[in-house]
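Here is a short walk through a two-chain model. Keep the viewer open and follow the stops in order.

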Amino acid sequence: MTGQGLLQLALYVVALVLLVKPLGAYMAAVFQGERTFMAPLLGPVERLIYRLSGVDPARESDWKPYAFGALLVNLLGALAVYALQRLQGFLPLNPQGLAAVSPDSSFNTAVSFATNTNWQGYAGEATMSYLTQMLGLAVQNFLSAASGIAVLIALTRGFTRREAGQIGNFWVDFTRSTLYVLLPLSFLLAVVLSAQGVVQSFAPYQQATLVEPVVIQVPATNADGTPQLDASGAAVTKDQTVTEQTLPLGPAASQVAIKQLGTNGGGFFNVNSAHPFENPTPLSNFLEMLAILLIPAALCYTFGSMVNDRRQGWALLAAMLVIFLPLLVGAFAAEQAGNPRFEALGVDQAASAMQPGGNMEGKETRFGIANSALWATATTAASNGSVNAMHDSFTPLGGLVPMWLMQLGEVVFGGVGSGLYGMLMFAVIAVFIAGLMVGRTPEYLGKKIEAYEVKMAAVVLLVPCVAVLLGTAVAVMTPAATTSVANPGVHGFSEILYAFSSAGNNNGSAFAGLSANTPFYNFALGIAMWVSRYWLMIPVLAIAGSLAAKRATAVTAGTLPTHTPLFVTLLVITVLLVGALTFLPALALGPIVEHLQLHGSH
Amino acid sequence: MEILVLLVTLALCGATWALFRLCDRLRGQS
């Protein structure tokens with residue numbers, strides 16, 4: 001590891017923590033209905049939305065209508081994205097004349113964007129019209145993120161309310177998340193990103209003449225268009241000199257801003273934020289990385305404010321950082337250490353003034369090792385899934401870090417809203433375990449945690465694990481799935497495990513090397529994304545309703561304090577133990593074996 | 001393929017609704 005690299009990681013973490021309090025306090029004010037500095041501008045818009053949609057903002061509901069609203073808006077969003085993809089050939093803002101997307105790919109993408117996963121089996125610039133990107137994908141980036149925040153706010157009210165039937169009005173929380181939080185921040189970031197060179201245009205793709213023509217090998221074809229084969233049946237290739245390249249354009253800056261802030265992660269272009277039109281400079285890279293964790297981190301403070309004990313929010317943030325920081329340093333160290341096989345060949349992998357050193361395969365030279373490792377760790381700690389380097393090219397241990405962060409349930413920051421409500425489920429389990437140890441009914445934030453809450457929390461914890469492990473197991477036994485693997489063997493297993501870990505935890509990043517745009521993966525990953533989003537939201541809201549109806553328990557000498565280092569340690573151990581016990585066997589078959597093979601003598 | 005998409009979506013909606021009802025019923029029993 002280089003000192004300069006560590007300094008950059010430290011700068012990032014300090015900037016993030018400094019922004020937690022101001023943004024967290026602002027969001028707490030927004031969700032408690034207090035007047036904020038944005039009210040003069042956005043208040044009339046908010047009231048107009050309620051009037052037009054017939055919503056009475058003062059009317060609250062119990063958890064069932066709240067959950068129904070969240071599910072309905074997501075289902076309608078998915079249907080809209082599906083229809084846009086299927087009909088894009090007939091719709092405007094399609095200068096490249098891109099055809100309709102296939103039904104299975106449209107299903108996968110619709111579910112992916114409605115669930116805040118943003119797994120992409122398609123290549124954006126070759127598949128989606130500008131209209132589909134803007135009206136379908138970018139809109140879902142806002143709505144799916146707002147749904148996650150709304151569910152968290154409802155759960156928070158479950159802790160704060162006493163003997164109440166209601167947990168809030170979904171439409172109000174949903175509107176305020178979008179209008180007061182996501183839209184202003186996205187607007188600001190989009191302007192800065194476009195100033196840095198991120199494209200924002202409706203112009204058709206441009207042809208550019210290459211400064212230096214390149215020769216590539218392409219398959220040779222017969223007169224009837226079929227591939228030419230040699231005597232052994234292998235495809236014949238021929239040289240082709242390329243003198244021009246196509247530069248894809250589009251309204252990218254506006255979509256990139258919300259894809260980062262909303263922990264969505266779906267790139268406008270195929271290679272996501274490794275593309276120079278999506279992430280052109282070190283400054284745009286820093287801001288995009290900051291945007292990944294900004295809202296999930298600040299929501300910890302919002303939670304503390306809303307439960308009238310900010311120490312609770314800081315404790316949850318501390319638990320996230322305790323897991324995040326060692327894994328970040330671990331990924332950086334693994335990538336900076338490089339490939340031992342290259343050392344044997346005499347390749348210089350040492351960092352110097354002339355090169356970043358380490359494992360630079362699949363990484364952008366303008367970002368280097370530290371910022372690639374930082375992005376990979378942040379994007380998988382949060383359920384973002386955007387990438388600025390190819391995780392498939394990471395060293396085995398460097399690739400294990402993002403995979404395991406997803407498998408921990410996307411609770412280390414996690415998605416906007418969903419990360420914190422996931423961590424709160426672990427907190428429920430942690431106080432339950434502590435209660436078992438001392439023989440006392442567990443409590444959290446003054447509410448007794450009883451059998452119903454523990455059952456629901458167990459569902460929240462177990463559903464993603466089942467989606468990941470069952471999906472992976474089915475895939476490795478299905479020929480239609482294994483033929484998509486470009487690297488058979490241990491690494492191929494890692495590619496499949498990564499894909500289901502990503503979909504089954506609503507992350508959306510890809511390990512690459514897996515041709516996932518096939519009917520099998522489009523359906524299997526689509527199902528994994530659906531269940532790991534909505535089958536978690538429902539029990540979380542059910543817990544919110546159950547907690548809100550309870551009376552507050554007085555704090556006594558026997559109450560376990562949940563803002564102390566002891567509880568942070570207990571929470572971290574609970575998260576890590578569940579993650580380790582569930583996924584260590586699978587990881588041992590993938591990245592751990594690959595690491596041993598890489599460093600073994602044979 | 002459109003039919004398959006429809007069937008899978010309906011199955012997911014049905015299963016999600018079943019979980020919703022189960023959560024509600026379990027709460028009634030607690």
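A residue counts as buried when its relative accessible area is under 20%. Keep that cut-off in mind, because A:Leu445 has a relative accessibility of 18% and therefore counts as buried. A:Leu445 sits in the loop between strand E3 (443-444) and strand E4 (447-448) of chain A. Its backbone deserves a look as well. A:Leu445 is not a glycine, yet its phi is positive, at about 55°. Most residues other than glycine have a negative phi. Note that this is a predicted model.

Along the principal axes, the C-alpha trace of chain A spans about 80 × 60 × 50 Å. Of its 602 residues, 58% count as buried. Take the contacts in chain A between residues at least 6 apart in sequence: 79% of them join residues at least 24 apart.

Chain B has another make-up. It contains one helix and zero strands. Its C-alpha trace spans about 45 × 5 × 5 Å along the principal axes. Buried residues account for 27% of the 30 residues in chain B.

Where do the chains meet? The axes of H18(A) and helix H1 (residues 2-29) of chain B come within 10 Å and cross at roughly 20°. H18(A) and H1(B) are therefore roughly parallel to each other. Their crossing is right-handed. On the H18(A) side, the contact residues include A:Phe523, A:Trp530, A:Tyr534, A:Trp535 and A:Ile538. On the H1(B) side, they include B:Leu4, B:Val8, B:Leu12, B:Leu19 and B:Arg27. By class, the residues of this contact of H18(A) with H1(B) divide into 18 nonpolar, three polar and one charged.

H18(A) also has a partner within chain A. H4(A) passes H18(A) in a left-handed crossing. From H4(A), the residues involved include A:Asp104, A:Phe107, A:Asn108, A:Val111 and A:Ala114. From H18(A), they include A:Pro519, A:Phe523, A:Met529, A:Trp530 and A:Tyr534. The contact of H4(A) with H18(A) has 10 nonpolar, five polar and one charged residues. A:Phe523, A:Trp530 and A:Tyr534 take part in the contact with H4(A) and also in the contact with H1(B).

A:Asn116 is found in the loop between H4 and helix H5 (124-127) of chain A. Here is another positive phi in a residue other than glycine: the value for A:Asn116 is near 70°. A:Asn116 is buried, with a relative accessible area of 1%.

A:Ser144 lies in helix H6 (residues 130-160) of chain A. At 1% relative accessibility, A:Ser144 counts as buried. What is A:Ser144 in contact with, leaving aside its neighbours within four places in sequence? The partners are A:Phe113, A:Ala114, A:Thr115, A:Asn116, A:Asn264 and A:Arg533.

A:Met425 belongs to helix H14 (residues 418-438) of chain A. A:Met425 is buried, with a relative accessible area of 1%. Beyond its neighbours within four places in sequence, A:Met425 is in contact with A:Leu155, A:Ala457, A:Val460, A:Leu461, A:Val540 and A:Ile543.

Helix H8 (residues 252-261) and helix H9 (residues 282-306) of chain A pack at an angle of about 45°, with their axes 7 Å apart. H8(A) and H9(A) are therefore oblique to each other. A:Val256, A:Gln260 and A:Leu261 in H8(A) meet A:Glu288, A:Ala291, A:Ile292, A:Leu294 and A:Ile295 in H9(A). The residues of this contact divide into six nonpolar, one polar and one charged.

Conventions: Residues are numbered from 1 along each chain as its sequence is written. Chains are lettered from A and ligands numbered from 1 in the order in which they are written. This is a predicted model: local features need pLDDT of at least 70, side-chain atom pairs count only at pLDDT 80 or more; totals for chains, interfaces and linings use all residues. Side-chain values use heavy atoms; hydrogens and water are left out. A crossing is left-handed if the near helix is turned anticlockwise from the far one by less than a right angle, and right-handed if clockwise. Helices (H or I, at least four residues) and strands (E, at least two) are DSSP runs, numbered from the N terminus. Contact means heavy atoms within 4.5 Å. Ala, Val, Leu, Ile, Met, Phe, Trp, Tyr, Cys and Pro count as nonpolar, Asp, Glu, Lys and Arg as charged, and the others, Gly among them, as polar. Buried means under 20% relative accessible area, exposed over 50%, partly exposed in between (1.4 Å probe, protein chains only). Axes are lines fitted to C-alpha atoms, for helices over the stretch in contact, and angles run from 0 to 180 degrees between N-to-C directions. Angles under 35 degrees count as roughly parallel, over 145 as roughly antiparallel, 65 to 115 as roughly perpendicular and the rest as oblique.
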